[in-house]
Amino acid sequence: MTTSTSSTVTTTEPATSSGESTDGTTGAEASGPRYHEVRQKSAHNAFQRHEALFDQFVYHRIRSLELDIHTGKAFESALAGDWFVYHTDIVDDDTHCRSLSQCLGQVAAFARAVPEHEVVTLWIDLKDGFGGGHQPGDLDALLDAAFGAALVRPAELLADCPGATTLQDAVTRRGCAWPRLESWRGRVIAMLTGGDLDDPSGPLASYVGADAGARAAFVAPGLSDGRDLGEHAEAIVFNLALGDVELAAAVRAAGLVSRVWVADDEGAWEESEQAGVHHIATNQINVDEDPWANTAGPQGWPFTCIDACEAPERESAAIVAVTVDSGDLWDSSDEGLLAWAEVGEGDVAWTAAIAAPNSHVEPWAKACLAARAGLEADAAYLAICRPADDHPLRVQLREVAGASTQALEFAGVAGLTGESPAFVRLERTLDATCVRGLGSSDGATWTAIAEHCFAEPLTHVGLAASSHGAGALPLLFVAPTATPGGPVTAADLTVTGLGPGVGAVADGW
């Protein structure tokens, strides 16, 4: 019997961009609300929240995030063709993703896990001007590489409105309009912020150049007066400071879209709603902690209609939610919940992405893929787990029944915070006695964390969870998949409490 750890990277072919099918339909004309008819919560400085990006998307149901990008960083060489992501240099070094390409990669990883997601809006704040190895074309190349055909481009809106000569024409002229959200499922749209368009040498004007329709992203300038709207025909989105929130009414009346920053208390949030703001940026991400800062419905749809509209109740996503009230998966006997399938003796592999609160939660609550020798609380097992907060992926194992539990942590991915990787994989081989746990930051490239060969077969494989004494806690398994077998749903699983653990398993958010 052996236990081994490994830093070997196992690479699978990355999934293609979700842009191959961009309309979210089967050919029928899209219906439902349009992009400018809904309001959504926006994560201010999303790279620097308590919550990792994946959890902001999945657990907290946010589809609008801000990234601050810089051309340089103290004591470090510039990234040619790429940007650093941070708010204040040196002081704010601990960001979830160090470079823009990494942050975009995290967004793309979410899109692979939830391919029919509602449109994601990225607000990219240009903290420095263009120059040197940081040109508009370099920024476009990063967006192209991350999202491909899934990226919504200015040229697309112009093409959808024959005769339009400006972007404002393309969404406001008679016979033309903002696309419906249904037609943008699985897609990403990028908005550049960082000043206004009045300065021809400023970053937004430099990016637009002579042809806004040729760029990969849209520009979202600030406003000092509602009369400025018509002066910037290349801008269909405007980025407002909270002190200018009253200008959102003029933006909306013109058929355009606004974002306001930063609404960090209930009064500011309500003021933004009353002004007709579309994207309300806030630092209050966890809706359980700040329930007023929310646009998502109870069934998972992340937006709220500004006026009456026919909206879906849920977003299409393959999610199994495990709600558990228990002690811990630890020591010589476990307390938790196991949702399992008896898989026989052949080789099997299970994969999933795990979303947890990642803030205002007991950090040692856990969600795991597990293989166990039985349903007894003290059975031998190996699991690849994601703690609810503050800790990286880990493999836990109990070598024989009643023995103490061991843990080995994922070494992580350079440039990402330790809690960012959310993808887990469990492989069971060699007559069901050898099991290994792997982790990944993107669901495409896997790193083996630990492997152990047991004296008996591990016959029960599935989803395990514990709340570590914090009461009932939902933990989300995204796109759980068994090989062989295919997608795993709640109906495929038998639920057993480990020790005094109780809970339930259901499909959906």
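Here are a few questions and answers on this predicted model.

Residues count from 1 along each chain as its sequence is written. Local features need pLDDT of at least 70 and side-chain atom pairs 80 or more, while totals for chains, interfaces and linings use all residues, and side-chain values use heavy atoms, without hydrogens and water.

Me: What is the mean pLDDT of the protein chain?
Reply: pLDDT is the predictor's confidence in each residue, from 0 to 100. Residues 7-27 stay under 50, but 94% of the chain's residues reach 70 or more. The mean is 93.

Me: How far apart are the end C-alpha atoms of helix α3?
Reply: Helices here are DSSP runs (H or I, at least four residues), and α3 has 12 residues, 136-147. The expected span is 1.5 Å times one less than the number of residues, so it should be 16 Å. The model agrees, at 17 Å.

Me: Within what arc do the buried residues of α3 fall?
Reply: They are P136, L139, D140, L142, L143 and F147. Directions run from the helix axis to the C-beta atoms. These residues line one face of α3, because their arc is 155°.

Technical notes: Helix = DSSP H or I, 4+ residues; strand = E, 2+ residues; numbered from the N terminus. Buried < 20%, exposed > 50% of the residue type's maximum accessible area, 1.4 Å probe, protein only. Contact = heavy atoms within 4.5 Å.
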